[in-house]
Amino acid sequence: MKSVLIISIPTSKQTLPVAERDHIQGSIDAPIGLLEYGDYECPYCGDAYLIIKAIQERLGDRLCFAFRNFPLVNAHPHAQHAAEAAEAAGAQGKFWEMHDLLFENQDALGDENLAQYAAALGLNARRLIGDVTAGAHHARVREDFKSGARAGVNGTPTFFINGVRYDGAFDIDALLAALTKPHAR
């Protein structure tokens with residue numbers, strides 16, 4: 001007779017949106033929490049970006065969405081600077097605007113492009129590029145990456161719904177069904 005070991009991993013704050021550290025859209029108290037670990041240069045994350053936008057529109061204030069950086073630098077040479085640019089834009093009050101521009105322009109993520117996006121958003125582009133080249137937000141991006149690695153993230157995009165990893169199909173219907181089934185938060 002074979003014995004089977006079942007390991008239960010409790011939900012941790014690492015995989016739930018945290019108001020004090022995460023960039024969030026929606027109320028932290030929303031009944032549904034969706035956390036994405038993503039890479040701005042990853043084409044699958046680009047597809048996910050569009051799906052998340054549609055889901056946010058459908059779920060409205062029932063959803064709290066958070067994004068954490070998980071740049072896969074070995075596969076995506078611009079991912080690290082793009083993540084740091086998003087954080088630098090966040091320091092100037094425009095994280096989500098930069099987040100959106102980066103996903104909408106995945107084929108143009110060089111430093112000169114990042115400066116153009118900053119200027120288009122009305123940010124101090126010189127400051128943003130200075131922050132990126134100096135690594136001013138490297139520690140924050142690394143913290144996101146490490147939290148993902150501790151939670152078992154090894155590719156992008158990776159999602160957690162109310163603290164539980166979602167490994168289902170990634171299309172709008174499947175993700176929406178997973179988000180709207182009863183969850184304990």
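Q: Which residues have the most contacts inside the largest nonpolar core?

A: In soluble globular proteins, nonpolar side chains tend to be buried together. This is a predicted model, in which local features need pLDDT of at least 70 and side-chain atom pairs count only at pLDDT 80 or more, while totals for chains, interfaces and linings use all residues. Residues are numbered from 1 along each chain as its sequence is written, and side-chain values use heavy atoms, leaving out hydrogens and water. A nonpolar core is a set of buried Ala, Val, Leu, Ile, Met, Phe, Trp, Tyr and Cys residues joined through side-chain atoms within 4.5 Å; buried means under 20% relative accessible area, exposed over 50%, and partly exposed in between, with a 1.4 Å probe and protein chains only. Here the largest such core has 45 residues, and Tyr40, Met98, Leu102, Leu128 and Leu179 have the most contacts inside it. Its largest share, seven residues, comes from helix H1 (residues 43-59); helices (H or I, at least four residues) and strands (E, at least two) are DSSP runs, numbered from the N terminus. Another core, of six residues, lies apart from it and includes Leu35, Tyr37, Phe70 and Val153.

Q: What is Leu128 in contact with, leaving aside its neighbours within four places in sequence?

A: Contact means heavy atoms within 4.5 Å. With those neighbours set aside, Leu128 meets Ala85, Ala88, Ala89, Gln92, Met98, Leu114, Ala118 and Leu123.

Q: How many salt bridges does the count come to?

A: Side chains of opposite charge can pair when their charged atoms come close. The criterion is a side-chain nitrogen of Lys or Arg within 4 Å of a carboxyl oxygen of Asp or Glu. By this rule there are eight salt bridges.

Q: Which residues are linked in a network of salt bridges?

A: The network joins Arg21, Asp22, Arg68, Glu87, Arg140, Glu143 and Asp144. One of its pairs is Asp22 with Arg21, whose closest N and O atoms are 2.5 Å apart. Asp22 counts as buried because its relative accessibility is 7%, and Arg21 does so at 17%.

Q: Why does Glu87 count as buried?

A: Glu87 is classed as buried because its relative accessible area is 5%. Not counting residues up to four places away in sequence, Glu87 touches His23, Asn69, Phe95, His137, Arg140, Val141 and Asp144.

Q: Which residues line the largest cavity?

A: On a 1 Å grid over the protein atoms alone, a cavity is a set of points where a 1.4 Å probe fits but cannot get out, and lining residues have an atom within 4 Å of a point. The lining consists of Gln25, Glu36, Tyr49, Ile52, Lys53, Gln56, Phe65, Trp96, His99 and Asp100. H1 gives the most to this lining, with four residues.

How values were computed. On a 1 Å grid over the protein atoms alone, a cavity is a set of points where a 1.4 Å probe fits but cannot get out, and a pocket is an open set with protein on both sides within 12 Å along at least five of seven lines; lining residues have an atom within 4 Å of a point.
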